[in-house]
Amino acid sequence: MVRASLDDPLAFALSPPPNETPEQKSAREHAEAEARKTSEAIDEQIRQEKIALKKKKKPVKILLLGQSESGKSATLKNFQLQYAKDQWLEERLAWRAVIYLNLIRNALQVLDILQQAMSQTNKDRCASSSLTTADISDSDGEHRSHTTVYKFTDKHRLLKLRLAPLRTVLVDLEKRLGPGSQEIQAISRSLSDPTESRVRLREFGVSSNNGWKSILDKLRSPAETGSRPSSKQREEGRDEVTDVLLGCKDDMKSLWQDPVVKQILSHRRSKIEDASGFFLDDVDRIASPDYEPADDDIVRARLRTVGVQEHRFMMDAGQSLALEWIMYDFGGTRSSRALWAAFFDDVDTIIFLAPISCFDERLREDQDVNRLEDSLSLWRIVCSSPVLAKAQIILFLNKCDILHKKMKRGVAVRDYVPSFADRKNDTMTVMKYFQQHFKELFKSCSPEPRPFFVHFTSVIDTKATATTLSVVRESVLRQHLQNASLI
């Protein structure tokens, strides 16, 4: 037996005890063998876990980028509608409260415009009655001769009173959705009258770090979970919001269809029906006790969330390659864009949304910046990022439906984009012109050559978008497999 050195305490501790009997030696060796087996089993378990981790399918990571109100959330909802239908159906009824919120905001926005016009008319009358003929200069008379005189009646004053309950209901709905965010303080200014005073408008937003799920859970009643509720459950689930909407339905229709209101909106060049989350044309259908949101309603509904929203779902299109998709929906306001770069690492695909209908619009947060110019600047930043050099970038030139409406109304692109010059002012010419600008920036700013993918979209059109997403899905999966070195 080798004698352990007294200078090596470890060797001394591991050495057999002195005067060990044969029975003790056998027991010790048996215990040591069992300990080795346990250690080897643990080592093997760790090895197998490492192998399983390597084999585990890496999720598909997609970023949705673009300025505020570019259509990012509507694109995400289209993905869920097509490829995550269980989750879509589970959340369907909870979207009803969001659609109610949108409808009420639409009505109050029009009502506020009406009230402002009535107030201005009263001021003008008071000013006129306080002046004598000698006080009126030629320039004053000329200015008033060009001022539009609206023929307000008792009906308009009555609408202000009858629709007042909507303001209380709006506050109640916002409380149900959660603490409001004051991130955006939008400044609205009439394009037809630059001298008009600026009016600050607040767009309600909610904070959430897991997309709409936690928000919609607050809106879901027990009758709305699981199976489709019966008519009796729907009747019992009616609350004050539904009752007020039913009571105000005819007045909301009357307000929106009123000729004087249409005249005011026309003079202000206000096309609120082009904005996301507009439902005043659907009052009869939505202000109903048995209303259930249609797929198109949910896609059109606007719920502004603050920060970065992570949405996870499994593709359930019956493919053998079932992968988890993680889609990040980022706030598009200027204050939110600093968060984007932190998510650029290890991304498979970026879907960039640029609304090409906004060539004549200004940013909510900065009325001195043209929205199309802002989209092009963002596009340049994304394309030139070295971190995204290997990422696939897919461009959605969105809101082509609104662009077409503007072309039919005769809005001249060259008045806002001088470089458009004397080209034909029609939808296809404008679409191709803007596409070429984005393509040139893509080619000149990309750190290395890569293919240019572009789609003309109107993401609130679920049928047309489904076809686009089918093509995008295959492209994303191909890019993901390439990144994983599987093809």
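Okay, let's start at Cys-383, which is buried, at a relative accessible area of 0%. Buried here means under 20% relative accessible area, with exposed over 50% and partly exposed in between, using a 1.4 Å probe and protein chains only. Before I go on, this is a predicted model, where local features need pLDDT of at least 70, side-chain atom pairs count only at pLDDT 80 or more, and totals for chains, interfaces and linings use all residues. Residues are numbered from 1 along each chain as its sequence is written, and side-chain values use heavy atoms, with hydrogens and water left out.

Buried or exposed? Ser-357 is buried, at 2% relative accessible area. You'll find Ser-357 in the loop between β8 (349-355) and α15 (371-384). Those labels are DSSP runs, numbered from the N terminus: H or I of at least four residues for helices, E of at least two for strands. Skipping neighbours within four places in sequence, Ser-357 touches Asn-398, Lys-399, Ile-402, Leu-403 and Lys-406, where contact means heavy atoms within 4.5 Å.

Zooming out, the chain has 18 helices and 10 strands. It runs to 487 residues, and 44% of them count as buried. Of the contacts with a separation of 6 or more, 77% are between residues 24 or more positions apart.

Now the cores. By nonpolar core I mean buried Ala, Val, Leu, Ile, Met, Phe, Trp, Tyr and Cys residues joined through side-chain atoms within 4.5 Å. The largest has 72 residues, and Phe-79, Leu-166, Leu-245, Met-252 and Trp-325 have the most contacts inside it. Helix α5 (residues 95-129) gives the most to this core, 16 residues. There's also a second, separate core of 41 residues, including Ile-356 and Leu-397.

Back to Met-252: beyond four places in sequence, its contacts include Leu-103, Ala-107 and Val-283.

Last stop, a helix pair. The axes of α8 (residues 165-177) and α11 (residues 240-257) come within 10 Å and cross at roughly 140°; axes are lines fitted to C-alpha atoms, for helices over the stretch in contact, with angles from 0 to 180 degrees between N-to-C directions. Among the residues that meet there are Leu-166 and Val-169 from α8, with Leu-245 and Met-252 from α11.
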